[in-house]
Amino acid sequence: MSTVTREVPHLTVAELFGSPVRGRASLSPDGTRIAYLAPWHGRLNVWVESVDPDPGEEARCVTADKNRSVHVYHWTDDPRWLLYEQDGDGDEKWHIYRVDLENPDAGAVDLTPFPGATAIGFEMPVSRPGRAILRLNHRNPAEFDLYELDIATGEPTVLAENPGGTAGWLHAPNGDLYARTERPDGTVALVRWDAGTGEEHLVTTFDGTDYPLGVAPFVFTPDSTGVWLGSYRDSDRLRLVRLDLTTGKETEVDSHPVFDLDTRCTVFPTLPSTLLHDRRTGELIGARYLGERQVIHPLDPHFAEVLDNLEKLSDGDLAAVSSDLSGERWVVSFTRDRDPGVTYFYDHSTGGSRLLFRPLPHLNPEVLAPKTPVTLTARDGLPLPSYLTLPPATERPTGLPLVLLVHGGPWSRDSWGYDPVAQLLANRGCGVLQVNFRGSTGFGKAFLKAGIGELAGKMHDDLIDAVEWAVREGYADRERVAVFGGSYGGYAALVGAAFTPDVFAAAIDFCGVSNLVTFLRTVPEFAKAHLTNNWHLYAGDPDDPRQEAELLARSPVSRVDDIRTPLMVIQGGNDVRVVKAESDRIVDALRARGVEVEYLVKENEGHGFVNPENIIEMYEAADRFLARHLGLDPGPDLGGHRWPKTERVLPLPEASCPPRNNDLVS
């Protein structure tokens, strides 16, 4: 069948990957103001404006970070203060900063001014007005202590000091302390902690192999008698239960017959939270599930009415949700594959709503490509939920160049929504296939655990089977297939080039692992004690000689002599998860053999690029690279440029897919 394409304008990388004009809006607790991210001096910063249009009042930029874009911010219960999180050039040493909204001339105050420390697990419980709970490792880089922070004064108070071996501190609304500990066999124990005596009282245990990234969600009930959490106990599906903290018994609260709870926010904090809560009381009002598309179950009568009206605003999936304390005024955004992050204001008391903004107003949804769910079958019969993006066409396209776009993690998943990488490639005439290979999260416990021991094995077979499917169905030209991925996806791209070099005409590795042994020996100190249920289980423990040999055998560097696929490697100089040496190692080995490899390093980036100019340079380089090796037309903006010779400059167990600016708008 011939391919008949519509007339589609050429889209530049900057149009697809540039910063949104606005994004990630949220409503103040009193319902009078909206905060959102927007560019200021080339970086995303936090802006605030009135909810009710006032011609005499202009929006005001309230943060002033010229070095690095802000992605995460928080309203506080005091209308004077707004908080945001920032690291240093991608080093993931996160600090909490306070902005005084009543004093525009005052600079941001670092509430965690400890050099080299990282603040994680930030939360503001409704039971503690004016206070925040967080974990800090400034005493010992390998251990996190629990702190309470007075937001107005900046005064920190130690609630519990880590005695060693504590995987996570938990602070109940009534002040009780709990800890999660990991036993050598992988069992995760939840204990009540007596801060005075240091004694532990067991509440319950979890099979740690069910939770490679930890038990999530995990939220205390407002009365401190229980915890709402995601449970696989006696089920293949991740469902919502209430754990009684006195008896240790679980009671189901809600579940979906087919879908798991949507826990993507565990990896990507800019994505919507799994559970929805009443802003005033903290009570549970809804739960998100994710299959091909999202489903939200309302768990509160008032929110059920609100949700019914919110979902009438768009045919997309409800994404970010914020309300005032009364639950009457709402600001919400929607996930869509071709018109991402469209944001609305809704007043439940009147039933009125209005469009606030489209983050990417310059993009016409009609010229973008739909992202279509498809299910493939692996060679052993395992169904593989996937997404296919094809160039806009009036008839079914055939014989296309194909890019296999591999998600990170591997404990993550691809989902429906706007993806600028897929849109760029489709605009250039490529098909894009995104496969949820075995080991991906969100498709049941059996699917997750099917990835154990299968790195560079069945997990890679799934990707190859997906390519074969695309060729067999007529979508793809077998001679023009590329593999592209970040983090674990970068490792998968290197495995593709090293283990199956005849399959791929080109490969792009973005901060991927080249040697599993050295990778596991260089993860941050605080992560090394918590690898049992993820990397050690799925890949191996390098401290065991037999497993070390197996890890090396599954590493692309062990087959570097087999690589003949043209390769592009992209790396952040400050990456603490997959350190720069992982990319140096594969690049040096290939250059020594005379194999074509292009290497782009950005010293002011970490595990994923954040600064807009670096993101745009990266994808322009990838655009040229794929155009050359897949026979594409890069378009007038790139065709006259030569590839610049960028010389090499001499969680966290989870290696996630690097963030892109679309994470702010989708």
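Let me start with a word: a residue is buried when its relative accessible area is under 20%, exposed when over 50%, and partly exposed in between, using a 1.4 Å probe and protein chains only. Helices here are DSSP runs of H or I with at least four residues, strands are E runs of at least two, and both are numbered from the N terminus.

Now, the ground rules. This is a predicted model, where local features need pLDDT of at least 70, side-chain atom pairs count only at pLDDT 80 or more, and totals for chains, interfaces and linings use all residues. Residues are numbered from 1 along each chain as its sequence is written, and side-chain values use heavy atoms, without hydrogens and water.

The whole chain next. The protein chain has 13 helices and 36 strands. Of its 666 residues, 59% are buried. Its C-alpha trace spans about 65 × 65 × 50 Å along the principal axes.

Let's zoom in on helix α3. How many of the eight residues of α3 are buried? Eight of the eight, so this helix, residues 420-427, is largely enclosed by the rest of the structure. Among them are Val421, Leu424 and Leu425.

What covers the buried residues of α3? The cover, meaning heavy atoms within 4.5 Å, includes α1 (13-17) and α12 (612-630). Strands β30 (383-389), β31 (400-406), β32 (431-435) and β33 (476-486) are also included.

Finally, the two ends. At the start of α3, a side-chain oxygen of Asp419 comes to within 2.9 Å of the backbone nitrogen of Val421. After α3 comes Gly429, with a positive phi near 100°.

How values were computed: A polar contact is a pair of N or O atoms within 3.5 Å; within protein, one must be able to donate a hydrogen and the other to accept it, and residues adjacent in sequence count only if both atoms are side-chain atoms.
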